[in-house]
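The following exercises ask the student to read a structure step by step. Each task is followed by a worked solution.

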Amino acid sequence: MVGLVPTIPVFLFHVQVVDARHRAEHDAAEIRTETMLEIRNLVVKIADEDKQIINGLNLTVNDGEVAAIMGPNGSGKSTLSYVIAGKEDYEVLDGEILLNGENVLEMEADARAAAGIFLAFQYPLEIPGVATMTFLKAAMNAQRKARGEAELLTPDFIKRVNSAADALSIDKAMLRRPLNVGFSGGEKKRMEILQMALLSPSMCILDETDSGLDIDALRIVAEGVNALRDKSRGFLVITHYQRLLEHIVPDTVHVMSKGRIVKTGGKELALELEKSGYAAYAEAA
Amino acid sequence: MAIVTPLKTAAEQALSQQFANVKAELPGTLPVRKLREDAFAGFEAKGLPHRRLESWRYTDLRGLLREAKPLATAASVTPAITARLAALPFDGVRLVLVDGAFRPELSTLEGLPDGVSVQPLTEALVSTREDLARILSGPSIADSDTGLMLNTALMRDGVFVEITEGTELAAPIAIVSLVSGEEETAIFHRSVVLAAKGVKATIVEVSESAGPKASQINGAIVFETGDESDVQHLRLVTRQVPETVQVQSLLATVGAHAKFESFALVCKAATLRQQYFVKYAGEHSEIGLRGVNLLGGAEHSDVTLVMDHAVPHGVSRELFKNIIGGEATGVFQGKVIVRPHAQKTDGGMKSNTLLLNDGASMFNKPELEIFADDVVCGHGATVAQMDGEQLFYLMARGLPQPQAEALVLQAFAGEAVEFVADEDLRAFVMAEIRAWLSQREASSVVSTV
């Protein structure tokens, strides 16, 4: 954990750079909001099918807030995370997704990443032949380039990776292997959090990060996430189970069903769900 | 009685006329002249290879050669040729052919390493060595190929390299064949590399065009490698003029306990047919044929190989990686023959293709002819599109789409490039691949799954 602390001032710097752009556009007209992510009346269907997944969803995540989304299988949680990150398999029929007040829906996935959105995948992809270090450097520098920053020098890059890897108990040998190829479920999830730490996004979305993790791996991953909690960063934690939320304690809990948020409450709502199940909310939707 | 004469195309008629005109002046002793005459008779009987011939099914040379270009004559060294030679990075021995003719003044002949001798093919063909016709002919599996017959009949020049027993070369020998491209010409060249017992050597073969006019190129290289030798061959076919039609044959006879590895990078190669005829002359040898084909536009690349396991205990590996965009066509035909006594043969053949868009095509035809009963032989061919999930993952980390694609494609090609043993050459090949990927425009639309 100690290794992550020195990188936090850098996060702030990135966020300021991104914000500077919005300020130039919006300041004259309006006061900047405290809202990190705002989703208004989002309606989404699968691009090639006539199947609507998100049905008028509204959601707000404020700066520094950790919001959890819980819900049964098929309620649209993963779809929501993909749509925020910019996956092309979906068609947005209505609504807006605002990051720091700016609509991201017209942006490609890479531009959204550079603007500060990070999706920790439920199933991180294996990329054969691409060494993890090569990928990390390419990703960090691509984002820096998009923000008009200078590329990282190799010694600086290696220092950052090593310190972040230590904090997550990631073996250095793993960093030389092709990205995620042959990694265990736990290793893949730790690699996601490593990327999150290195890319220092302002809005982190964790899609079922607890799936496939044993208790020790869950603890390491949760500690990694907790170390990144910051007043300038929002989190959206998607999960089926309350278990993850014991480790990453949310400020807000939303219940999602049939493509909408059907109830919002504090962290106690997660415990309540654990007892009563989702059945009542399925009807509410 | 009706006499059936096969209808000859204009190009076939022109080739017959050309051969009649030049055969007296083409270099060669009596046995070489006989070799030429026999080869041309074989060609005349069959004509240019066409799609009804199984081994030429996907590259219809008869259709591609509407006319036979005039045979190349002595070309002047243009500034473009000088510039290309200056840009090539290979240190060590450099042997330069311009329009198929050996150019000593452009080559490095002084300070040849000990154990290496180089002769222009024109000289070798008139030498008195008795085994010349045998060496030139290569393995018998090549005998019936009409593309090679034309080369045998009309080969004008090339280089004849001999490396004596036990010689270990520190730097590669580069045979650089440049087309001047000032006129449309037909070029027939052949080179020979004889590597005696225990030789360790790397041979680089470059085929490029320096000028704007398209050519018809028919090149061949013959390897004969001795026992316990280790010969690495790297072929680079790049920077061709779009209408160029090229056939490159590789003939190799490999001794016992030897290694022979060939790797070919094909990019911006217009229409190209590479054919390999490789034979095991001794037991316990390892042969690898690999390559990367980067195709776009209307390009066409055909890799056709015949691997002849004539003796037991041979190990063969083939791996070709094809990245195909535009309206381009890739072809892989691999035939592995395991003769009745070639027990304990271990063969593995793979062709992997990524099609970048709808217009691109790939034809795969693996053939195993196994007459021995204690062998391990396998083949696999894949044709796929880029994985959209992978690309989204990379883009979600901030990589713009062209860069994400390039990373995936480079890794795909890299699986074959890693077999290039020489580190500098491997880096050079990867740099050529990266350059192709970065040019392959961002604007091009890639379809994914």
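**Exercise 1. Determine how helix 9 and helix 10 of chain B are oriented relative to each other.**

Solution. Helix 9 and helix 10 of chain B are roughly antiparallel to each other. The model is a predicted one, and the result is reached as follows.

Step 1. Two packed helices are described by the angle between their axes and the distance between the axes.

Step 2. Helix 9 of chain B and helix 10 (residues 423-439) of chain B pack at an angle of about 150°, and their axes are 10 Å apart.

Step 3. An angle over 145 degrees counts as roughly antiparallel, and the two helices of chain B are therefore assigned to that class.

Step 4. The crossing of helix 9 of chain B past helix 10 of chain B is right-handed.

Step 5. Helix 9 of chain B contributes B:Ala406, B:Leu409, B:Gln410, B:Ala413, B:Gly414 and B:Val417 to the contact. Among the residues that helix 10 of chain B contributes are B:Val429, B:Ile433 and B:Leu437. By class, the residues of this contact are 8 nonpolar, 3 polar and 2 charged.

**Exercise 2. State which helices of chain B each supply at least two residues of the side that touches chain A.**

Solution.

Step 1. In the contact between the chains, 18 residues of chain B meet 21 residues of chain A.

Step 2. Helix 8 (388-395) and helix 9 (401-417) of chain B each supply at least two residues of this side of chain B. Helix 9 of chain B gives the largest share, 8 residues.

Step 3. The side of chain B that touches chain A consists of 10 nonpolar, 5 polar and 3 charged residues.

**Exercise 3. Decide whether helix 8 of chain B is mostly covered or mostly uncovered.**

Solution.

Step 1. A residue counts as buried if 20 or more other C-beta atoms lie within 10 Å of its own. In helix 8 of chain B, 6 of the 8 residues are buried, and the helix is mostly covered.

Step 2. The buried residues of this helix are B:Gln390, B:Leu391, B:Phe392, B:Tyr393, B:Leu394 and B:Met395.

Step 3. Their cover includes helix 3 (109-115) of chain A and helix 9 of chain B.

**Exercise 4. Describe the open sheet of 6 strands in chain A.**

Solution.

Step 1. The strand order is 6-7-8-3-9-10, with mixed pairing.

Step 2. Strand 6 (117-120) and strand 10 (260-265) of chain A are the edge strands, each pairing on one side only. On average, neighbouring strands of the sheet are turned by 20° against each other, direction ignored.

Step 3. Strand 9 (residues 252-257) of chain A pairs with strand 10 of chain A in the antiparallel sense over 5 bridges. Opposite A:Val255 stands A:Lys263 in strand 10 of chain A.

Step 4. Helix 2 (residues 77-85) of chain A packs on the sheet, and the strands that it touches include strand 3 (66-70) and strand 8 (234-239) of chain A. The direction of helix 2 makes about 145° with that of strand 7 (203-207) of chain A.

**Exercise 5. Explain why A:Asn180 and B:Ala270 count as buried.**

Solution.

Step 1. A:Asn180 has 22 other C-beta atoms within 10 Å and is therefore buried. B:Ala270 is buried because it has 23 C-beta neighbours inside 10 Å.

Step 2. A:Asn180 is in the loop between helix 6 (172-176) and helix 7 (185-199) of chain A. B:Ala270 lies in the loop between strand 11 (259-267) and strand 12 (271-280) of chain B.

Step 3. Most residues other than glycine have a negative phi. Phi of A:Asn180, however, is positive, near 65°, and phi of B:Ala270 is positive, near 55°.

Note on methods. Residues numbered from 1 in each chain as written. Chains lettered and ligands numbered in written order. Predicted model: local features only at pLDDT ≥ 70, side-chain atom pairs only at ≥ 80, totals over all residues. Contact = placed C-beta atoms within 7 Å. Helix = DSSP H or I, 4+ residues; strand = E, 2+ residues; numbered from the N terminus. Nonpolar A, V, L, I, M, F, W, Y, C, P; charged D, E, K, R; others polar. Buried ≥ 20, exposed ≤ 12 C-beta atoms within 10 Å, placed from the backbone. Pairing = 2+ DSSP bridges. Axes fitted to C-alpha atoms, helices over the stretch in contact; angles between N-to-C directions. Parallel < 35°, antiparallel > 145°, perpendicular 65-115°, else oblique. Left-handed = near helix turned anticlockwise from the far one by under 90°.
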